[in-house]
Amino acid sequence: MERLRLIAMTSCLVLTAYWAGAQQTGVVDYPTLGIRFTIPDGWKGAESGEVFLMGSDTQPGLIILMTHQESQIQNLKTQAEAGLVDEGISLQKAGDFEKVGSEGIGAEFSGNIQGTQAKAYIAAVVNPFGTGVTVVAATDVPNYSSLYKQLAKEVAGSLQFSQPKEPPVTEEWRQTLQGAKLTYLDSYSSSGFDSYGGYSDHEEILLCGTRFTFYKNSRMSIDTGGAYASSLDKSNNAGNWTVTTNASGVPLLHLQYDNGDVSDFELEYKETKTYLNGYRYFRTYDHGECR
C-alpha cells in the first residue's frame, strides 16, 4: 500500500519494547510519493494504519514516519513551537532547533503520551518534489537517551526524494470518467402535528474532454404551522478536470474552476458503484451532452 499520511500518534505510540507487527528491514520505497528511506540496523518496520512504524526487539520505544505538506523550513519551525497536542498526547519543544541535512530541522520534545511521561527527538525534512517527511523517535523518560536523537537523524539522513510516479489507477479512472455524467441525489422529509421539514440535494458533474460543468441545486424548507421558511442554493460552474492522487496514493477527481477555485473528490469503487468522498454518484454515458 502506498500510504503515508500525517495523523495524530495517539493510537500507535505505545512506549514499550514489545514489537509484534509484520516486519520490513533495509530500504523502504514509496514510488508514488517519491520517498525512499532506510530502516536502522536492529530495527524493523511496517505500516500501522496510516503511518510507518518501527520497533526493536532490544530497544524500548518506537520510530514513526509521517508525511507533511510544508515546503518552507520556517513553517515547520512555527508548527514545532506550537507543540503537538491531540487526544492522549501532549508534546512541547524542549530544546533548540538543529539543522538536519540541507533541508530539515530537528529538536527534542517532552510531555505526556497516553498517560506516560515521554521524550522524543523529532526531525522534519522538506521534499523539493512535494510531500515531506517527519521522523519521531520516542520512548518513556527513564529510557530516553541520545540514542533516539541519533536514530531520528539516521532515518532522516537516509531519506531520498524523487519525482512521484503516477500509479496506473489514475489513467484507469481518467478513461472511466471520460464522457461521464456523475449525478448525486439526496432528499429527506419529516412531518408531525402542524409541522413539516425537508431538504433535497441534486448535483451533476459532466466530464467532456478536458472540461467539466458542475451543477448544484439544494433546497430546504421548514413549516411549523405558524411560520414557514425555505432556502434555495443554485450553482453552475465550469473548468478543467483530471484525475490525480493524494499523498496516500488515493485517486482524486481534481476540478480546477475557471474562477480559480479547486475541488478534489476521493474516488472509489464499491461493488461496481462509483463513490466521491464516500457518497454514491450515478455514472451515466448516454446523456448526449458531450459534443
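User: What do β10 and β11 form, and how many residues are between them?

Analyst: β10 and β11 make a hairpin, with 2 residues between them. Before we go on: this is a predicted model, where local features need pLDDT of at least 70, side-chain atom pairs count only at pLDDT 80 or more, and totals for chains, interfaces and linings use all residues. Residues are numbered from 1 along each chain as its sequence is written, and side-chain values use heavy atoms, with hydrogens and water left out.

User: Ok, and how many bridges join β10 to β11?

Analyst: 9 bridges join β10 to β11 (residues 130–140), and the two run antiparallel. Ala 123, for instance, has Val 135 in β11 as its bridge partner. Strands count as paired if DSSP finds at least two bridges between them. Helices (H or I, at least four residues) and strands (E, at least two) are themselves DSSP runs, numbered from the N terminus.

User: How does β10 pair with β9?

Analyst: Those two pair in the antiparallel sense too, over 10 bridges. Ser 110 stands opposite Lys 119 in β10. β9 and β10 also form a hairpin with 2 residues between them.

User: How much of β10 is buried?

Analyst: 9 of its 12 residues are buried, so β10 is largely enclosed by the rest of the structure. Buried means under 20% relative accessible area, exposed means over 50%, and partly exposed is in between (1.4 Å probe, protein chains only).

User: Where does Asn 127 lie, and what does it touch?

Analyst: Asn 127 lies in β10, which covers residues 116–127. Asn 127 is buried, with a relative accessible area of 3%. Not counting residues up to four places away in sequence, Asn 127 touches Leu 33, Gly 34, Ile 35, Gly 132 and Phe 161. A contact here means heavy atoms within 4.5 Å.

User: What does its side chain reach?

Analyst: The side chain of Asn 127 reaches the backbone nitrogen of Phe 129 at 2.8 Å.

User: Switching topic: what's the phi of Gln 114?

Analyst: Phi of Gln 114 is near 50°, a positive value in a residue other than glycine. Most residues other than glycine have a negative phi. Gln 114 sits in the loop between β9 (104–113) and β10, and counts as partly exposed at 39% relative accessibility.

User: And what about Glu 271, is it buried or exposed?

Analyst: Glu 271 is exposed, with a relative accessible area of 70%. Glu 271 isn't a glycine either, yet it has a positive phi of about 55°. You'll find Glu 271 in the loop between β18 (262–270) and β19 (273–276).

User: Which hairpin is Gly 260 in?

Analyst: Gly 260 belongs to the hairpin of β17 and β18, which has 4 residues between the strands, and takes a positive phi near 100°. β17 and β18 pair in the antiparallel sense over 5 bridges, with Leu 255 opposite Ser 263 in β18. β17 (residues 251–257) is mostly covered, as 5 of its 7 residues are buried.

User: Last one, a helix. Which residues of α2 are buried?

Analyst: The buried residues of α2 are Tyr 148, Leu 151, Ala 152, Val 155, Ala 156 and Ser 158. Seen down the axis of α2, they fall within an arc of 170°, so they line one face of the helix. The arc is that of the directions from the helix axis to the C-beta atoms.

User: And which ones are exposed on the other side?

Analyst: On the other side of α2, the exposed residues are Ser 146, Gln 150 and Gly 157.

How values were computed. A polar contact is a pair of N or O atoms within 3.5 Å; within protein, one must be able to donate a hydrogen and the other to accept it, and residues adjacent in sequence count only if both atoms are side-chain atoms.
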